[in-house]
Amino acid sequence: MKVLITDKINEAAGKVLEGVAEVEFIPTLPEDELAEKIKDFDALMVRSQTKVTKKILEAGKKLKIVGRAGVGVDNIDVEAATQNGIIVVNSPDGNTNAAAEHTIALMLAMSRNIPAAVKSTKEGKWERSKFTGVEVFGKTLGIIGFGKIGHHVADVAIALGMKVVVSDPYTSQEAVEKIGAKYIKSLDEFWGICDYITIHTPKTKETTYLINRNTLNRMKKGVRIINCARGGIIDEAALKEAVEAGQVQSAAIDVFETEPDITASPLYKCEGNIIITPHLGASTAEAQFNVAIDVAEQIRDVLSGGSAKAAINIPALKSDILEPVKDYMKLSENLGQLVQQLSTGNLKAIKISVNGNLANLNIAPLEVAVQKGIFSSTGEGVNFVNAPLIAKKRGIDTVTSKTEKDCTFIGSISVKLVTDSGENIATGALIAQNMPRIVRINDYNMSIEAEKHMLMIPHENKPSMVAKVAAVIGENNININRMQVVQKSNKKDNVSIMIITTDRDVDDLTMQKINKIDGIKNAQYIKLNA
């Protein structure tokens with residue numbers, strides 16, 4: 001495995017990946033050069049400088065994951081990554097403190113005219129009256145976006161004695177009021193009541209130019225504005241006009257549409273009271289270390305066959321959703337692989353049912369895991385990102401049901417695969433903490449651990465069947481790890497099944513010999529990603 005790291009990311013990221021992948025650190029490259037370079041790499045890690053375009057993603061035929069060491073991913077073409085089955089991750093928490101503190105610092109700096117006062121004093125002047133400022137105590141701070149950063153800013157502002165109002169359609173009134181702030185549902189009510197406004201949202205279609213000539217004119221005259229979120233949320237030309245006209249008393253801007261070419265921004269030559277900084281929101285030693293470690297750990301986990309805790313293009317694998325069901329993830333994937341390999345014919349539908357403690361949980365991650373298991377047996381490059389897309393493109397419905405009936409186990413999940421030739425079903429369960437087992441395959445009850453190499457051998461109940469199969473396996477230098485023989489649950493016929501796990505793959509010739517044994521009924525070799 002090979003990982004490419006660019007954009008001056010903390011070298012601690014390389015240490016996290018030691019033993020998993022070969023790591024190469026490079027400077028920021030233009031699109032064409034990176035597209036050529038990326039061909040040999042399994043993962044790419046960037047900050048904000050590198051634009052990970054569709055061209056780069058399509059050139060990275062081996063790419064499994066792209067990590068952004070920071071919060072935003074607007075420099076990554078997430079849609080193109082998804083189409084190419086590439087996981088996109090970020091570090092939503094790593095720079096929370098840094099960004100919130102920079103916001104507060106800018107707010108205080110412009111309130112007390114600190115940058116201009118520093119410049120004047122260094123010129124040998126003593127202009128105390130010229131730089132008379134205002135206190136933030138008792139003023140109203142309007143926060144747009146109540147994620148982790150916005151929440152932290154609110155906490156600090158309240159501690160400073162400010163009144164805080166929040167506008168965010170994705171949070172609740174209860175969450176805002178819990179910290180002592182006021183929830184404003186409509187921005188129409190929001191603009192005119194704020195002495196300060198700070199933005200903490202991603203740049204989306206909804207937030208692009210959210211602050212524009214119209215909204216600026218609806219704000220309280222003399223408002224002060226801070227943006228440490230993303231360039232493009234504010235119409236910079238409109239803000240320049242508003243600052244110079246006095247509608248906006250002052251502004252503190254850390255992010256721009258034309259980064260890093262600040263000279264292209266209308267704010268560069270603004271003659272009004274404005275502070276500009278070069279995207280310093282996450283630029284603390286602690287934040288850069290934290291985001292590097294966080295994203296490197298996710299890359300390591302994905303390259304090792306695990307999942308990422310902050311995958312942007314896999315909503316089902318967000319940490320708060322994944323955590324309650326994580327013990328069932330590998331089991332669900334294995335069930336999908338198992339029923340797919342047992343089945344013949346054209347796939348028509350996937351049916352999932354859960355029981356026990358799973359019935360009360362969000363099992364979206366398990367649905368994705370089942371889909372990954374089913375489609376991973378049909379081709380290369382199937383992962384948690386593109387498995388649902390594959391199902392959708394093939395017109396295959398995934399139907400999930402939950403039952404409230406008593407469950408013998410802590411929780412169980414059943415996967416039924418319906419084809420035009422019939423259907424197969426397999427059930428897995430957590431029989432104890434950290435003990436997942438396959439407990440049923442079609443009409444056979446059992447309790448067996450999923451392993452990489454498995455044999456399913458239906459056979460007539462007569463003497464020496466196990467010995468004959470074991471002899472063929474041994475003659476071909478294959479070691480048996482475990483074996484279980486079970487009868488059908490209804491016991492109406494004279495057929496049982498051997499489930500055998502081995503230390504390596506079982507070749508076609510060995511399977512042919514097993515199937516030639518008198519009394520064997522269509523033995524199958526199953527290979528799982530166990």
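Reader: Which residue does Asp195 meet in a salt bridge?

Author: The general idea is that side chains of opposite charge can pair when their charged atoms come close. The cut-off used for a salt bridge is a side-chain nitrogen of Lys or Arg within 4 Å of a carboxyl oxygen of Asp or Glu. Here Asp195 pairs with Lys220, with N to O at 2.9 Å. The two sit in distant parts of the chain, 25 residues apart: Asp195 in the loop between α9 (187-190) and β9 (196-199), Lys220 in the loop between α10 (213-218) and β10 (223-227). Helix and strand labels come from DSSP runs (H or I of at least four residues for helices, E of at least two for strands), numbered from the N terminus.

Keep in mind that this is a predicted model, where local features need pLDDT of at least 70 and side-chain atom pairs count only at pLDDT 80 or more, while totals for chains, interfaces and linings use all residues. Residues are numbered from 1 along each chain as its sequence is written, and side-chain values use heavy atoms, with hydrogens and water left out.

Reader: Is Asp195 buried or exposed?

Author: Buried means under 20% relative accessible area, exposed means over 50%, and partly exposed is in between (1.4 Å probe, protein chains only). Asp195 has 18% relative accessibility, so it counts as buried. Lys220, at 32%, is partly exposed.

Reader: What about Asp235 and Arg213: how far apart are their closest N and O atoms?

Author: Those atoms are 3.8 Å apart, and the pair forms a salt bridge. Asp235 is in the loop between β10 and α11 (236-245), Arg213 is in helix α10, and 22 residues separate them. Asp235 is buried at 12% relative accessible area, whereas Arg213 is partly exposed at 40%.

Reader: And which residue does Asp518 pair with?

Author: Asp518 forms a salt bridge with Lys462, with closest N and O atoms 2.8 Å apart. Asp518 lies in the loop between α18 (508-515) and β22 (524-527), and Lys462 in the loop between β19 (453-460) and α17 (465-475), so this bridge ties together parts 56 residues apart in sequence. Asp518 counts as exposed at 56% relative accessibility, and Lys462 as partly exposed at 30%. Shared partners join Glu460, Lys462, Asp518 and Lys521 into one network of salt bridges. By this rule, the count of salt bridges comes to 25.

Reader: On to strands: in what order do β19, β20, β21 and β22 form their sheet?

Author: In general, strands of a sheet pair through backbone hydrogen bonds, either parallel or antiparallel. Two strands pair if DSSP finds at least two bridges between them. This open sheet runs β20-β21-β19-β22, with antiparallel pairing. Its edge strands, β20 (480-487) and β22, each pair on one side only. The twist averages 20° from one strand to the next. β20 and β21 (residues 495-502) share 7 bridges, and Gln484 has Ile499 in β21 as its bridge partner.

Reader: How do I read the packing of α14 and α15?

Author: Two packed helices are described by the angle between their axes and the distance between the axes. Axes are lines fitted to C-alpha atoms, for helices over the stretch in contact, with angles from 0 to 180 degrees between N-to-C directions. For α14 and α15 (residues 364-376), the axes come within 7 Å and cross at roughly 35°. By class, their contact (heavy atoms within 4.5 Å) has 6 nonpolar, 6 polar and 2 charged residues. Ala, Val, Leu, Ile, Met, Phe, Trp, Tyr, Cys and Pro count as nonpolar, Asp, Glu, Lys and Arg as charged, and the others, Gly among them, as polar.
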